[in-house]
Amino acid sequence: MSFIGGFSVSADEFYRCWRNYDKDGNGYIEKGELDALLKDMVHKSGKTANPDVIKEARAHYMRVLDENGDGRLDVNELAKLLVPEQNFLLNFRMGEQLTSVDFMQIWRKYDSDKNGYIDKGELTGFLHDLLTRKGTERAVPVAKLDEYKKQILSLYDVNNDGRLDIKEMVALLPLEENFLAKFKGSGLTASDFSEIFDHYDQDKSGSIEGAELEGLIRDCLQKGSASLDLDYAQLKESAKAMLDAVDANKDGKLQKEELKMLLTKK
């Protein structure tokens, strides 16, 4: 990883430094923490962390990396320092944002044993598909997949159980803002209902089901409480309870009239 002042550190050292200073796991290094992080990285590279070097590094990084100007760095902003072969995750996260339905489709595909976690073997499959997507057809050595898997787990496996739960996967994938957030209050118009239905009925089957339904329910619950943090079992239980309440024809899907019942139900 190139670093101002002519020194470098490895990706593993970068991740260890990040985890050490992102104490609350919120994905940000606040401005006051940045000096300590920079000093740590300088020391790990074997250089002397004199005040001038740290001051120059801080000013440089905040100027070129703090793109949104919020006075802090998230992991993706700081990860731009990684050399190209180590910043695959950044390239992915900076790509097209996923809808909640996209996310649930990915979750369902790679949680192949349906145990509510992306285990190490499933994560390998996810990474392989990620790195060979869009017709690139480039081979990815097993050793490289293992390296990337370790990097992801070191950053996103918060409880260190060697797998990713749905909350940890949300932090990994680049999700767009909750689609329902733009609909304020309870006075939805017919046009609003149509727009919402069309957004979640991604396969245009005339029904919202499967990953579409789970994405909708997740957005509904999080619109009511932005801090709500459900695991997959809780999400499935909530989806079943909400569907049971409005699924008039008991087909396990939502048609447009049933969606109206769901979104207007007190």
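**Entry 1: what I am looking at.** I note that this is a predicted model, in which local features need pLDDT of at least 70 and side-chain atom pairs count only at pLDDT 80 or more, while totals for chains, interfaces and linings use all residues. Residues are numbered from 1 along each chain as its sequence is written, and side-chain values use heavy atoms, with hydrogens and water left out.

**Entry 2: the whole chain.** I found 13 helices and 2 strands in the protein chain; these are DSSP runs numbered from the N terminus, helices being H or I with at least four residues and strands being E with at least two. Of the 266 residues in the protein chain, 44% are buried. I also looked up contacts (heavy atoms within 4.5 Å), and among those between residues at least 6 apart in sequence, 57% join residues at least 24 apart.

**Entry 3: the aromatic rings.** My search of the whole structure gave 4 aromatic pairs, a pair being rings of Phe, Tyr or Trp (its six-membered ring) with centres within 6.5 Å, called stacked if the planes are under 30 degrees apart, edge-to-face if over 60 and tilted for the rest. One of them joins F179 and Y200 edge-to-face, with 6.0 Å from centre to centre and 85° between the planes. F179 lies in the loop between α9 (166–172) and α10 (190–200), whereas Y200 is in helix α10, so the pair ties together parts that are 21 residues apart in sequence.

**Entry 4: two packed helices.** I looked up helix α12 (residues 232–246) and helix α13 (residues 256–264), which pack at an angle of about 115° with their axes 9 Å apart; axes are lines fitted to C-alpha atoms, for helices over the stretch in contact, and angles run from 0 to 180 degrees between N-to-C directions. For the contact, I wrote down M242, A245 and V246 of α12 and E258, M261 and L262 of α13.

**Entry 5: L78.** I found L78 in helix α4 (residues 75–78), and L78 counts as buried because its relative accessibility is 2%. The C-alpha atoms of L78 and I29 are 9.0 Å apart, although these residues are separated by 49 residues along the chain.

How values were computed. Buried means under 20% relative accessible area, exposed over 50%, partly exposed in between (1.4 Å probe, protein chains only).
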